[in-house]
Amino acid sequence: MADISSTFLGIQSPNPFWLASAPPTDKKINVLRAFEAGWGGVVWKTLGSQVKNVSSRYSAVNFGAKKMMGFNNIELISDRPLALNLKEISECVRLFPDRAMIVSLMADNNRESWHELIKQVEDTGAHGFELNFGCPHGMTERGMGAAVGQDPDIARMVVEWVMEAATLPVITKLTPNVHSVVPTGKACVEAGSNGLSLINTIQSVTGIDLDTFVPNPYVDGKSVFGGYCGPAVKPIALKMLTTIAQNPVTSKVPISGIGGVSTWKDAVEFMLLGASNVQVCTAAMNHGFRIVEDMCEGLNNWMDEKGFKKLEDFIGKSVDKITHWEDLDINYHHVANINQDKCIHCGLCYIACEDTSHQSINLTYGKPYNTYTIKEEECVGCNLCQLVCPVNDCITMVEKRVAPEYLNWKEFQKRGLPLNDH
Amino acid sequence: MAITNNRLTVDQYAENFSDIHPPFETKDAALTEANRCLFCYDAPCMKSCPTGIDVPKFIKQITTDNVKGSAHTIFVSNILGAGCSRVCPVEKLCEGACVYNFMEEAPIQIARLQRYSTEKAMELNWKLFERKPLNGKRVAIVGAGPAGLSCAHVLARAGVEVTIFEKESKGGGLMTYGIAAYKVTPAFCENEVNYILSIGGINVQYNQTLGKDFSLESLQQSYDAVYLGIGVGLARQLNIPGEQLTGVEDAITFIYNIRNNGFASVPVGDRVAVIGMGMTAIDAATQAKRLGAKKVTMVYRRTENEKPCTQEELDIALLDGCEVIWLAAPKEIIGEQNRVSKLVCSKMILGEPDASGRRAPVDTGETFTLEVDMVIKAAGQTPYYSLVNDAQLQHQDGKIKVDHGAITNIRGVFAGGDCVNGGKEVVDAVQAGKDGAAAILDYLNVS
């Protein structure tokens with residue numbers, strides 16, 4: 001059995017799965033249930049000045065039969081009294097001493113407020129802080145949340161205030177509602193943040209009720225942009241994570257990966273791209289805390305299969321696999337192959353290629369079953385047919401190099417080689 | 001042993017004849033199934049439907065909350081799409097062709113989804129079609145069965161005034177009178193006919209029989225074109241001794257009585273033999289059992305491999321407790337006091353393939369005897385030979401000969417459905433009606 005215990009900025013947890021700062025980590029009752037279910041740690045829902053929430057708060061994007069492919073919320077930071085939160089945090093730490101307890105913070109935008117808040121939380125026995133520089137709704141209008149994270153200079157200033165007071169490790173959570181997460185990430189690291197986490201939620205409109213014309217979520221005939229998360233945002237989160245993991249400044253600190261993590265496989269992907277651990281929210285809100293069981297078991301089995309003894313053995317392994325486009329090998333080429341024994345004759349590959357790609361699939365008419373074959377000389381190897389095929393391993397991509405040697409775009413241009421003629 | 005009616009209570013009849021393929025109870029249930037559909041291109045299901053319903057499209061439309069569009073997609077290809085969703089042998093048509101079968105997965109429940117959309121359309125009386133302005137053309141159709149109704153609907157949409165002459169008091173033809181009641185109820189058939197006719201421009205004259213109340217010539221004189229969708233109707237005779245005994249009935253009449261007269265009024269024996277293994281034989285056997293017959297035995301002269309019904313249909317009969325004797329041909333019906341008491345059968349073996357390509361049954365000379373009090377003949381139906389012959393229509397053994405799917409030898413007279421093909425599925429008749437309408441519109445120069 002592999003060892004899946006995790007150390008993040010010296011904070012121990014039995015596994016790398018933390019619950020992100022969000023409604024599931026708002027109260028003692030939820031957090032205790034999470035720990036009982038096996039979560040490695042929690043980031044307690046953001047503490048700060050008094051707020052009031054509205055009803056309703058969530059909405060979702062469904063895809064086909066799958067509910068909540070994407071999810072958004074307009075909830076603010078914790079709306080419970082600070083003293084109650086602090087008392088419950090202490091109790092949770094005492095009851096589950098082996099789990100990580102991080103507290104998310106968003107003080108008013110001045111040094112004294114941050115210092116005061118940090119002091120109060122340090123007394124709870126919590127193990128670290130996460131600075132909420134990402135909340136995209138409600139708090140931004142007050143100059144907090146994403147309003148801080150979107151401006152590297154403000155973020156740098158706030159981190160400096162925090163580092164003056166904090167004795168516990170500090171993680172800064174980044175907002176994705178920027179052109180690039182790197183400037184703010186850099187500023188925070190340079191200001192002393194011990195770690196980074198990303199991404200927070202993405203500003204969004206999930207949909208509109210076609211009877212009332214009111215977008216979701218509905219609040220008495222109106223709506224606002226909500227923070228988008230869930231499986232739909234994972235690819236965006238992975239991209240942003242990569243830019244942080246590849247930057248020489250931001251890659252110096254541990255990263256906690258967030259954004260659509262639903263399974264152990266998602267977690268492994270985040271970790272391969274440089275995250276030391278992951279935080280989860282939507283998947284738990286969709287299915288309950290029990291999902292952590294398979295996350296731990298799946299991760300363990302995968303590590304055993306790959307021969308990894310501990311998490312550090314694979315963290316970051318894919319970071320250098322993402323390169324610049326102009327460094328890609330133009331001489332690499334592969335073409336699709338349809339396994340006729342597995343083909344179910346649905347025609348999805350054909351119509352996708354014929355209508356929207358390179359007309360590289362032959363259709364031989366049959367009643368009722370057509371036969372589909374690849375025109376290898378036309379196939380550009382785009383993968384579309386393989387992606388739409390409903391049968392596993394029916395369409396495979398077969399390597400057919402143009403030439404044996406590596407050739408990138410810069411060199412290609414330098415040599416004045418011919419462009420495509422189709 | 002006796003043949004009697006009123007064997008069961010009202011509740012028992014209701015239970016025995018309740019819908020065998022219940023609809024999706026909820027929208028969620030329909031959506032779950034609709035979302036399984038892969039939305040195939042040039043879909044095998046569509047190509048396996050005689051009317052060519054764009055199945056992937058109508059299913060996709062259910063998933064996008066466009067049920068009205070879904071119903072239109074179905075009806076534009078098959079105006080009896082609601083009825084077909086209940087009576088089609090989908091296991092050998094659309095669902096049999098579903099690509100999920102290659103994945104060893106259950107095929108999409110196409111019929112049930114089709115029922116979902118069409119039922120909603122009928123329930124809410126959606127007006128899905130508009131008629132073009134009248135073009136002054138008038139067409140007579142004989143027979144308000146699937147072929148006639150399908151033809152009439154296409155013609156009405158094109159702005160033609162249609163009059164249908166129907167020998168029964170209700171429309172729907174085989175659908176109303178010739179199919180097991182647990183597949184379609186009389187009330188449903190009536191609703192379906194009314195829904196089809198709601199487009200307007202189709203006048204149905206009921207209780208009008210060709211050759212009795214009017215002639216083909218009279219129609220030719222009064223209308224611009226005539227379409228014959230008269231079906232087949234005569235039960236094939238066994239031509240064996242004892243066929244005239246009391247207690248021998250043909251399946252067509254037996255089912256007609258169930259459909260027309262009400263379950264309780266239809267007499268059935270204690271021990272019933274059903275001759276044949278087609279869909280009608282199954283419908284007769286299962287309904288005899290469901291009317292309260294104690295024992296029903298189906299007798300078929302070939303083996304299970306050659307059976308004309310589908311496995312699903314046979315399974316209904318077997319689940320109903322019907323027994324099956326393969327390789328048995330009726331030889332003689334023996335009576336006591338002019339009432340059926342025994343059925344003597346020849347034991348058969350399979351010989352060389354016959355004209356149908358199936359191995360022909362050969363009499364071994366051995367016999368066996370079944371104790372029965374009722375014999376239902378379901379050995380196929382024959383066309384209205386003399387009606388067709390007397391009308392000077394070219395035919396083959398009474399089946400009207402047509403060119404291009406619908407054009408008879410008499411100018412301005414068209415035909416389709418069972419009276420041409422000798423008896424196929426409802427869905428085949430619907431397509432024949434569409435082909436007939438296309439040929440008529442071409443003949444009348446109506447675009």
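User: Over how many bridges do strand β4 of chain A and strand β7 of chain A pair?
Analyst: This is a predicted model in which local features need pLDDT of at least 70 and side-chain atom pairs count only at pLDDT 80 or more, while totals for chains, interfaces and linings use all residues. Residues are numbered from 1 along each chain as its sequence is written, and chains are lettered from A and ligands numbered from 1 in the order in which they are written. Strands are DSSP runs of E (at least two residues) and helices runs of H or I (at least four), numbered from the N terminus; two strands pair if DSSP finds at least two bridges between them. Strand β4 (residues 41–48) of chain A and strand β7 (residues 100–106) of chain A pair in the parallel sense, and the number of bridges is six.

User: Which residue in β7(A) is the bridge partner of Val43(A)?
Analyst: Strand β4 of chain A covers residues 41–48 and pairs with strand β7 of chain A. Within β7(A), the bridge partner of Val43(A) is Ile102(A).

User: In what order do the eight strands of chain A close into a barrel?
Analyst: The pairing in this barrel of chain A is parallel, and the order is β3-β4-β7-β8-β9-β10-β13-β14. Direction ignored, neighbouring strands of this sheet are turned against each other by an average of 25°, with axes being lines fitted to C-alpha atoms, for helices over the stretch in contact, and angles running from 0 to 180 degrees between N-to-C directions. To repeat the order asked for, it is β3-β4-β7-β8-β9-β10-β13-β14.

User: How far apart are the C-alpha centres of domain 1 and domain 2 of chain A?
Analyst: The domain assignment, automatic or from a database, gives chain A domain 1 (6–319) and domain 2 (325–414). The distance between their C-alpha centres is 40 Å.

User: How many residues of chain A are in contact with chain B?
Analyst: Contact requires C-beta atoms, placed from the backbone, to lie within 7 Å. On the side of chain B, 13 residues take part, and on the side of chain A the number is 15.

User: At what angle do helix α4 and helix α8 of chain B pack?
Analyst: The axes of helix α4 (residues 55–63) of chain B and helix α8 (residues 110–123) of chain B lie 10 Å apart. Among the residues of α4(B) that meet α8(B) are Phe58(B) and Ile62(B), and their counterparts include Leu113(B) and Tyr116(B). The packing angle of α4(B) and α8(B) is about 60°.

Conventions:
Two residues are in contact if their C-beta atoms, placed from the backbone, lie within 7 Å.
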